[in-house]
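The entries below are in the order I made them.

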Amino acid sequence: MLNINTVIKAIKGNEDAFEQLIKQESDKLYRTAYLYVRNKEDALDVLQETVCRAYVGIHKLKEPKYFSTWLVKILIRTAYEVLQKKKKTVLTGEAFLHSLTENTSHSPEEDLDLTNAISTLDQNYQTVIILFYFHDLSIKMIAEKMQKPEGTIKTYLHRAKAELKGLLEGAGSYGQRMV
């Protein structure tokens with residue numbers, strides 16, 4: 001849990017406070033970056049660029065309680081920029097598979113089916129699925145991160161789940177549990 005006082009110190013220019021906040025968020029940020037860009041090097045580049053942008057723009061953060069949301073929004077935009085530069089829009093990779101297989105009992109083939117299915121989704125649908133299922137964010141928080149109305153996020157989630165269900169039908173029981 002973020003300490004609001006630490007965020008306020010960081011906004012006022014305290015480098016140690018900013019560093020402490022980044023350390024608290026780094027694992028989540030890296031995993032999210034990896035889900036988008038699919039490889040360690042690009043994920044680290046996205047993370048580094050995100051931290052730089054956040055450091056330069058922290059004084060613009062109006063609500064300290066939304067630091068984490070603000071930071072993830074920067075990361076998502078940065079990841080999309082990297083993807084556009086590389087013309088990549090798919091989600092695969094060992095970290096994604098690892099996040100799926102933790103504390104579950106399904107086969108690697110089912111993981112690949114789900115990974116491949118998610119990779120075919122529109123970028124907005126990918127983002128909603130990742131934030132909702134893998135970051136356990138509420139519709140409201142996703143709407144804030146994506147700067148879209150809650151109704152739009154609900155529509156994205158519904159359509160993404162419907163597409164995934166169609167893609168995963170016959171691919172195994174894991175697809176049935178996901179959607």
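**Burial and contacts in the chain**

I began with burial: 44% of the 179 residues in the chain are buried. I took buried as under 20% relative accessible area, exposed as over 50% and partly exposed as in between, with a 1.4 Å probe and protein chains only. This is a predicted model, in which local features need pLDDT of at least 70 and side-chain atom pairs count only at pLDDT 80 or more, while totals for chains, interfaces and linings use all residues. Residues are numbered from 1 along each chain as its sequence is written, and side-chain values use heavy atoms, with hydrogens and water left out.

I then looked up the contacts, where contact means heavy atoms within 4.5 Å. Of the contacts in the chain with a separation of 6 or more, 64% are between residues 24 or more positions apart.

**Helices**

I found 10 helices and zero strands in the chain. Helices (H or I, at least four residues) and strands (E, at least two) are DSSP runs, numbered from the N terminus. Along the sequence I read the pattern as α-α-α-α-α-α-α-α-α-α.

I checked the length of H4 against its residue count.

**Threonine 6**

I looked up threonine 6, which is in helix H1 (residues 4–11). Threonine 6 counts as buried because its relative accessibility is 8%. Leaving out residues up to four places away in sequence, I found that threonine 6 touches Ala17, Gln20 and Leu21.

**H2 against H3**

I next looked at how H2 and H3 pass each other. Their axes come within 9 Å and cross at roughly 145 degrees. The axes are lines fitted to C-alpha atoms, for helices over the stretch in contact, and the angles run from 0 to 180 degrees between N-to-C directions. The crossing of H2 and H3 is right-handed. A crossing is left-handed if the near helix is turned anticlockwise from the far one by less than a right angle, and right-handed if clockwise.

On the H2 side, I listed residues of the contact including Phe18, Ile22, Leu29 and Tyr34. On the H3 side, Leu44, Val46, Leu47 and Val51 are among them. The residues of this contact divide into 14 nonpolar, one polar and three charged. Ala, Val, Leu, Ile, Met, Phe, Trp, Tyr, Cys and Pro count as nonpolar, Asp, Glu, Lys and Arg as charged, and the others, Gly among them, as polar.

**Salt bridges**

How many salt bridges does the structure hold? I found four, taking a salt bridge as a side-chain nitrogen of Lys or Arg within 4 Å of a carboxyl oxygen of Asp or Glu.

One of them joins lysine 23 and glutamate 19, at 3.3 Å from N to O. Both residues lie in helix H2 (residues 15–37), four residues apart, about one turn of the helix. Lysine 23 counts as exposed because its relative accessibility is 58%. Glutamate 19 is partly exposed at 41%.

Arginine 53 and glutamate 49 meet in a salt bridge at 2.9 Å, N to O. They both lie in helix H3 (residues 40–57), also four residues apart, about one turn of the helix.

Arginine 53 forms a salt bridge with glutamate 81 as well, with the closest N and O atoms 2.6 Å apart. This pair links distant parts of the chain, since glutamate 81 is in helix H4 (residues 67–86) and arginine 53 in helix H3, 28 residues apart. I noted Glu49, Arg53 and Glu81 as linked in a network of salt bridges. The relative accessible area is 34% for glutamate 49, 31% for arginine 53 and 33% for glutamate 81.

**Positive phi**

Most residues other than glycine have a negative phi. I looked up two with a positive value. Arginine 38 has phi near 75 degrees and is found in the loop between H2 and H3. Arginine 38 is partly exposed at 27%.

Glutamine 147 has phi near 55 degrees and lies in the loop between helix H8 (139–146) and helix H9 (150–168). Glutamine 147 is exposed, with a relative accessible area of 52%.
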